Amino acid sequence: MSPAPTPFSLRHPLRWWRERVRRWWQARLPLSDQLTLTQRNVYILPTRPGLMLCATLLVLLVASVNYQLNLGYLLTFLLAGCALAGMHIGHATLRGLQLQLLPPAAQFCGTPLHLDVQLHNSRRATRHGIGMSLAGQSDWAWVDVPGQSQSALQLAFLPTTRGLQPAPVLNLETRFPLGTFRVWAVWRPAAQLLVYPQPEANPPSLPPGEPRSGPSGHTAHSGSGQDFDTVRAYRRGDRLKQVVWKKAATALATGSEALVSRDSEHQQPAELWLDQRALGGLPLEAQLSRLCAWVLMAEQQGLDYGLRLHGQEIACDQGESHQQRCLEALALC
């Protein structure tokens with residue numbers, strides 16, 4: 001019988017305590033999509049080179065005192081003054097900076113989601129060497145913000161689960177100008193990220209359509225997106241997919257400017273319903289993944305389709321807004 005695994009808190013107690021303190025501290029930060037950095041939310045500590053510089057200055061000071069070296073005093077206090085000036089400049093680089101998170105666009109699970117951040121600089125001097133990253137990650141994006149202007153940063157976030165998720169915590173830092181001090185701030189955006197289910201890689205063909213509840217004479221078909229010869233004159237507002245471009249090219253060659261479109265009522269006389277109940281033998285995430293792939297497939301073929309989920313039904317339609325409604329329903333199912 002194999003021994004029970006050792007808990008993470010016992011194997012790495014220091015890392016476990018640091019993670020707990022970090023989560024407790026981040027939970028106390030206010031949620032906001034706009035943040036102005038002030039002396040209350042900007043922090044500063046010496047870096048490893050900064051600590052080495054402090055140790056070097058201490059050795060120089062002790063040697064200067066023991067040997068009464070006037071030039072040693074001069075060098076020690078000159079370097080200490082440069083370090084203090086660098087600390088002040090580094091803190092001023094972040095203090096007063098305004099941050100704004102643009103509304104993030106929805107994305108599919110497993111696909112990188114981009115967070116766009118605007119940095120506004122109201123002072124005249126340029127702010128150099130400002131980096132931003134997701135909390136807990138080491139991939140930094142760096143930018144300089146010109147005086148009385150703004151700059152943009154884009155961070156990639158890889159969602160691993162579908163649904164409505166809070167935006168990740170962001171870290172902002174600079175080590176300008178000497179690298180002896182690390183000045184940083186932590187930001188908790190209030191935005192919510194909508195993550196669609198990951199589409200199935202190789203989904204089966206669309207399910208068969210159901211007869212329309214309309215005038216007789218319309219027969220059902222499988223909703224496979226096949227083309228029909230029934231056309232009509234172009235109407236304002238017709239989708240580009242409905243225009244018969246081959247006939248349009250022929251009309252242009254003969255000097256005619258008339259456009260024709262496929263008659264959508266004859267092109268798809270059946271209602272295509274994407275029903276979750278028909279996929280009852282699959283796990284929930286596999287069901288949503290296949291329905292997501294079918295929604296994209298039906299929209300690409302220009303079909304009218306509807307979505308039936310447990311406790312929710314979206315009527316048959318097509319278009320970008322209809323596809324977005326269906327994907328949102330799948331994400332929040």
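**Loops, cores and a surface patch**

Colleague: Is Q68 buried or exposed?
Modeller: Q68 is exposed, at 57% relative accessible area. Buried means under 20%, exposed over 50%, and partly exposed in between, with a 1.4 Å probe and protein chains only.

Colleague: What am I looking at, by the way?
Modeller: This is a predicted model, where local features need pLDDT of at least 70 and side-chain atom pairs count only at pLDDT 80 or more, while totals for chains, interfaces and linings use all residues. Residues are numbered from 1 along each chain as its sequence is written, and side-chain values use heavy atoms, with hydrogens and water left out.

Colleague: Back to Q68. Where is it found?
Modeller: In the loop between α3 (48-67) and α4 (70-94). Helices (H or I, at least four residues) and strands (E, at least two) are DSSP runs, numbered from the N terminus. Q68 is not a glycine, yet has a positive phi of about 55 degrees.

Colleague: And what phi does Q148 have?
Modeller: A positive one, about 50 degrees, although Q148 is not a glycine either. Q148 lies in the loop between β7 and β8 and is exposed, with a relative accessible area of 56%. Most residues other than glycine have a negative phi, and most peptide bonds are trans.

Colleague: Which peptide bond is cis, then?
Modeller: The one from F176 to P177 is cis, with omega near 5 degrees. P177 is in the loop between β10 and β11.

Colleague: New topic. How many residues are in the largest nonpolar core?
Modeller: There are 28, and L37, L97 and L119 are among those with the most contacts inside it. Such a core is a set of buried Ala, Val, Leu, Ile, Met, Phe, Trp, Tyr and Cys residues joined through side-chain atoms within 4.5 Å.

Colleague: Which element gives the largest share of this core?
Modeller: β5, with four residues.

Colleague: What does L97 touch?
Modeller: Leaving out residues up to four places away in sequence, its partners include L35, L37, L119, I130 and L172. Contact means heavy atoms within 4.5 Å.

Colleague: Which nonpolar residues form a patch on the surface?
Modeller: W17, V21 and W24, with about 370 Å² of accessible area together. Areas come from the Shrake-Rupley method with a 1.4 Å probe, and for residues only the protein chains shown count as cover. Patches take residues with over 30% relative accessible area and no salt bridge, joining like charges within 9 Å and nonpolar side chains (Val, Leu, Ile, Met, Phe, Trp, Tyr) within 5 Å. A salt bridge is a side-chain nitrogen of Lys or Arg within 4 Å of a carboxyl oxygen of Asp or Glu.

Colleague: Where is V21 found?
Modeller: In helix α2 (residues 13-27), and V21 is partly exposed at 47%.
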